[in-house]
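The exercises below are to be worked with the sequence and the coordinates at hand. Each one sets a task and then gives a solution in steps.

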Amino acid sequence: MSKPGPKRLPLAILKLRGSRHVANRKDEPQPDISIPAMPTFLNAPAKTEWKRLTKLLVNQQVLAETDRAALAMYCQSWGEYVALITEFNKNPEYVLDDGRKNPVMFLMDRACMRVAKLSAEFGLTPSSRGNVNPAAQDNVSGKSRFFDKR
């Protein structure tokens with residue numbers, strides 16, 4: 001059974017935010033930052049997204065070998081979404097001649113929902129990034145991180 005409340009933030013995110021809770025999180029595993037091997041089953045758009053994202057996530061210090069499966073699911077969902085958009089653009093009808101909703105629209109919607117959900121797991125949306133600003137944390141420490149020095 002899951003715990004109530006928001007998901008527990010990874011230690012890397014807390015460190016980037018300068019959180020006081022970092023000292024209390026000694027039990028969290030710290031995998032080495034690395035780019036996992038790209039799965040062979042990814043389609044072309046998914047492979048392109050894998051290459052793009054792995055560079056970004058490693059630079060943000062949030063990607064490890066243990067993230068391979070989740071990243072593969074994100075990239076595969078992205079690849080499916082791109083393929084479905086391409087298919088829909090060949091015959092852009094929302095409603096078919098027989099009055100049914102175009103089934104490609106349903107599949108596109110499902111792929112889009114998977115991409116959105118997995119995007120949040122990697123901090124790829126504005127709301128999931130929150131206050132993470134790695135570049136701004138270099139010279140900030142103690143109480144000064146809470147006060148704007150304009």
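Predicted model: local features only at pLDDT ≥ 70, side-chain atom pairs only at ≥ 80, totals over all residues.

**Exercise 1: placing a glutamine**

Q76 is a residue of helix α3.

**Exercise 2: packing of two helices**

Determine how the axes of helix α3 (residues 68–90) and helix α4 (residues 103–121) are arranged, and what kinds of residues make up their contact.

Solution. The two axes come within 9 Å and cross at roughly 150°. Since angles over 145 degrees count as roughly antiparallel, α3 and α4 are therefore roughly antiparallel to each other. As for handedness, α3 passes α4 in a left-handed crossing. The contact draws on residues of α3 including M73, W78 and L84, and on residues of α4 including M108, C112 and L118. Sorted by type, the residues of this contact comprise 16 nonpolar, 2 polar and 3 charged.

**Exercise 3: cysteines**

State how many disulfides are counted, and classify C75 and C112 by accessibility.

Solution. With a cut-off of 2.5 Å between cysteine sulfur atoms, the count comes to 0 disulfides. C75 has a relative accessible area of 0% and is buried, whereas C112, with a relative accessible area of 37%, is partly exposed.

Note on methods: Residues numbered from 1 in each chain as written. Heavy atoms only, no water. Axes fitted to C-alpha atoms, helices over the stretch in contact; angles between N-to-C directions. Helix = DSSP H or I, 4+ residues; strand = E, 2+ residues; numbered from the N terminus. Parallel < 35°, antiparallel > 145°, perpendicular 65-115°, else oblique. Left-handed = near helix turned anticlockwise from the far one by under 90°. Contact = heavy atoms within 4.5 Å. Nonpolar A, V, L, I, M, F, W, Y, C, P; charged D, E, K, R; others polar. Buried < 20%, exposed > 50% of the residue type's maximum accessible area, 1.4 Å probe, protein only.
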